[in-house]
Amino acid sequence: MRDEFQIWVDAVCEQVRFWPDRKGIEKELRIHYEDHCRALERLNYEPKLAAERSLRAMGNAQEVGWALDRIHKPWLGWLWKFSEGTLLMLVLIVLWLTVSAGGVEQLIFRTRQQLEWTDPPAWADHVSLECGDVYLAPGEVRETGGNVEAELRFWVKVREPVPDFQPWELEVADNRGAVSFREWGDGRRQTSGYLEWERVPYWGWTRHQMTLRLILDYRPDWVEVSAPGGGRDWVLRAEWEEEP
Amino acid sequence: MTLNRKGKTVRNLALCVLLGVLLHALMGFPPCTVRAMCRQFQASRLLAGEIEPLHVRHERYGYSGDWVYRVRTFIVAKSGETYASFLYSRNLLQNEIDYHYTPKIEQNALCAAWNGTIYATGPFAEADSAILEIKAELRNRDKVLKSKTFTIAGERLENEVFGFPYSLDMLGGGLSGWAPEDLPDELSLYNIARLWYGDYWDEDGGHGIRHADLPCVLTLYDGSGRELERYDLSIDNYEIFFN
């Protein structure tokens, strides 16, 4: 009879289209069948008769199978499996990025910089672009070791996160007509008229700040910055007040 | 409360969305489409006008050390009257700008070379055909030892883009050791871009290749062969040979 039960449960499971559930269904039905057999044997039924009666009580295999198929919908089953697999994969990828690729440090660092961004002063020169807004204001001018360091402060708000902010192809001119400096992505520089310059970046995701430090041998009255290099798509001007 | 299968599925999918957003942020918000790459490039370089891709080229490629092939996307784009060319490289989930090609930004017209094609882009909608002349010079300090002009006929790729193919036939290592002035004259543009611009260091026998702007003259013609316009442009020799 137990072989007959196997035949019966195989016929039930054949009706269930979502095959990953068939093993679980067989297990549940078998438990139910064996419980019924034990109950009948406790009532002094012969084991063979108990098995026969229990199997008959389980019902028509095909009808039971159809009913279970309606409950174990294939589309929901496969969607559930897909969601489990995708979730596991995402968890592993996020863990890997967190542990090995330094993704979390970068995320925290730039998020903090994004939140610490301060608004530019109201008198900063400003241009609105398709991609965002750029502000420029003059910073400190210091005389050090015979040279003059003049700071230009930039604030940039863009509409989308930019992981790699590179406003390096800038053209800078001042009251002495000194020409441009440009820096390309591969690190090459072209500079004329300035002794040196350096960038101090400070950037988040959509909010960035940058200080350009120009090292000159004179004190500038004003500086104009345009971009992209050679383009003059936009021009911003920073003027310093005359020394008393 | 024990969730049924439907509840578990909804919970899993919601967690997938949250993790997906976190993953996107952890990877620095990589752009997924060509338009997104253009917008990211525009924002990173503060281009003023709306950016529009003019020509896109996808290729599979593997750098040494890669486990799987990358898909490189070379884009020629326009933002107002500014033209730009740049390269993105996708490796599994990450897609970022690839500095094996240095992005170029120029006003009014642009000439850029990548992987066997020189692209010229500008307000060329009226032109039927184009010719590009590229001049290479072998110099010894300020003296020009040799010069060669390559003339390539263009193929219209898009409304504002012409393509000028050149051969990627790298000569064997033997010729790399020659002094440039001793090299044979019949060298292709690809080889001249490397071999004529080398700096040789006598002390250790090594050499490097310096960057040089190769002047280009682009001539546009109408359907009857009449010259429409000429543009003086330039390309860096590294664009020709460094892929």
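How many residues does the contact take from chain B, and how many from chain A? Here are some notes to get you started.

1. A word on the model. This is a predicted model, in which local features need pLDDT of at least 70 and side-chain atom pairs count only at pLDDT 80 or more, while totals for chains, interfaces and linings use all residues. Residues are numbered from 1 along each chain as its sequence is written, and chains are lettered from A and ligands numbered from 1 in the order in which they are written.

2. The chain contact. Chain B puts in 38 residues and chain A puts in 42 residues; two residues are in contact if their C-beta atoms, placed from the backbone, lie within 7 Å. On the side of chain B that touches chain A, helix H1 (5-26), helix H2 (34-45) and strand S5 (104-107) of chain B each supply at least two residues. H1(B) gives the largest share of that side, 14 residues. Helices (H or I, at least four residues) and strands (E, at least two) are DSSP runs, numbered from the N terminus.

3. What that side is made of. The chain B side that touches chain A splits into 18 nonpolar, 13 polar and 7 charged residues. Here Ala, Val, Leu, Ile, Met, Phe, Trp, Tyr, Cys and Pro count as nonpolar, Asp, Glu, Lys and Arg as charged, and the others, Gly among them, as polar.

4. Two domains in chain B. Domain 1 (27-107) and domain 2 (111-243) make up the assignment for chain B, with bounds from an automatic or database domain assignment. Their C-alpha centres lie 23 Å apart. Across the boundary, 11 residues of domain 1 of chain B are in contact with 10 residues of domain 2 of chain B. Strand S1 (51-61), strand S2 (70-79) and S3 of chain B each supply at least two residues of the domain 1 side, and that side has 6 nonpolar, 2 polar and 3 charged residues.

5. Two loop residues to look at. Asn44(A), in the loop between helix H2 (22-42) and helix H3 (47-58) of chain A, has a positive phi near 70° without being a glycine. Leu92(B) isn't a glycine either, and its phi is positive at about 60°; you'll find Leu92(B) in the loop between strand S3 (82-91) and strand S4 (94-97) of chain B. Asn44(A) is exposed because it has 7 other C-beta atoms within 10 Å, and Leu92(B) is exposed with 11. The cut-offs are 20 or more other C-beta atoms within 10 Å for buried, 12 or fewer for exposed, and partly exposed in between, with C-beta atoms placed from the backbone.
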